[in-house]
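Student: Could you take one part of this structure and go through it closely? I would like to know what surrounds it.

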Amino acid sequence: MLRWRAAIVVAVLAALIGACAAPSQSADPSEGRPRVVSSAYGPVTITGSVHRVVALSADWLGTMLAVGAPVVGYRTDGPASSMPAAPWLQNTLPDSAVRLTGELDIARIAALRPDLIVAPTWLVTRAIGDRLAELAPTVVGDDSGVGTRSGSWERDLATAGTALGRDVGPLRDSLDNQIRATAAAHPDAAGKTFAIGVAGGGGQLAVTSSPDASTAKFLGALGLHLVEIPGATGLWTILSAENARILDSAYLLIMGSTTATSATVRTFTAGRPPTSPTLEADLPLLNAFNIPDASSIPVLLHHLDDVLPA
């Protein structure tokens with residue numbers, strides 16, 4: 001099955017190549033008591049305080065850093081790609097945190113002595129989750145990149161708060177207020193369409209195509225809705241250069257490339273009307289637009305402020 005959730009680049013590399021974090025959240029009175037959180041493979045009970053977190057995707061890393069979790073290990077991509085932690089996480093990512101790359105190495109995770117592991121379903125199957133659960137309580141995000149659905153930043157933030165025993169309400173309210181302020185600053189975007197794509201080799205383009213994707217929920221709060229891709233049945237769809245002309249109809253286009261140059265991106269943006277904003281993103285930013293989290297949302301809103309007309 002093609003994989004999406006950790007980053008659009010994971011799926012694209014397999015298919016095509018084949019600001020600022022919030023301050024630490026205050027402790028909740030429940031921190032030392034057993035907490036039960038929802039997980040893709042069944043409820044997970046966490047007992048006592050959490051001191052060593054391993055986050056196995058970019059969005060889980062951002063969520064955990066946003067709530068001040070003690071991250072000791074992390075990964076930001078899939079086995080087939082290499083993407084560092086996003087620039088806006090550098091000030092909150094501990095220097096001692098170990099970056100995990102390549103194939104999932106359970107022994108290496110065990111060496112980090114985690115007491116909480118958070119992971120996406122695209123990387124952690126039930127069988128792998130059972131092995132990780134022998135090391136520490138393992139929370140695998142619901143709807144985190146399979147079928148046509150992906151999770152939401154609000155639910156991930158709530159899960160992090162419960163798992164850590166921390167009050168994330170003020171952070172959630174702050175982010176909601178920032179989103180509303182951006183929507184109010186750009187009223188012309190309301191009711192219009194958007195598209196997100198990543199250009200790869202061979203003149204192909206992968207585009208977000210499900211209205212149940214987390215990016216559609218996030219941008220939907222600004223009044224934007226996803227361009228309809230005829231025949232699309234999953235979270236993303238591969239388009240040829242000819243079929244990509246449907247993206248010209250999108251009011252807002254967010255575009256990145258798996259290559260180091262923007263020439264491929266220009267192939268897919270050359271026909272767009274000059275009045276339609278286009279945001280060219282590097283891979284960490286593009287990944288964040290596809291999978292918003294509590295750390296990346298202020299950064300995403302800043303970029304949208306830059307390209308959307310007031």
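Tutor: This is a predicted model. Helix H2 spans residues 58–66 and is followed by glycine 68, whose phi is positive, near 75 degrees. The helix is mostly covered, with nine of its nine residues buried. The buried residues of H2 are Ala58, Asp59, Trp60, Leu61, Gly62, Thr63, Met64, Leu65 and Ala66.

What covers these residues comes from several parts of the chain. Among the strands, the cover includes E3 (53–55), E4 (71–74) and E6 (116–119). Helices are part of it as well, including H5 (153–164), H6 (169–185) and H9 (283–290).

Aspartate 77 is found in the loop between E4 and strand E5 (98–99). Aspartate 77 counts as buried because its relative accessibility is 0%, and the cut-off for buried is under 20%. Its side chain reaches the backbone nitrogen of methionine 83 at 2.4 Å.

Arginine 35 is a further buried residue to look at. Arginine 35 sits in strand E1 (residues 35–37). With a relative accessible area of 5%, arginine 35 is also buried. Its side chain has two backbone oxygens to note. The side chain of arginine 35 reaches the backbone oxygen of alanine 163 at 2.5 Å, and a polar atom of that side chain lies 3.2 Å from the backbone oxygen of threonine 162.

How values were computed: Residues are numbered from 1 along each chain as its sequence is written. This is a predicted model: local features need pLDDT of at least 70, side-chain atom pairs count only at pLDDT 80 or more; totals for chains, interfaces and linings use all residues. Side-chain values use heavy atoms; hydrogens and water are left out. Buried means under 20% relative accessible area, exposed over 50%, partly exposed in between (1.4 Å probe, protein chains only). Helices (H or I, at least four residues) and strands (E, at least two) are DSSP runs, numbered from the N terminus. Contact means heavy atoms within 4.5 Å. A polar contact is a pair of N or O atoms within 3.5 Å; within protein, one must be able to donate a hydrogen and the other to accept it, and residues adjacent in sequence count only if both atoms are side-chain atoms.
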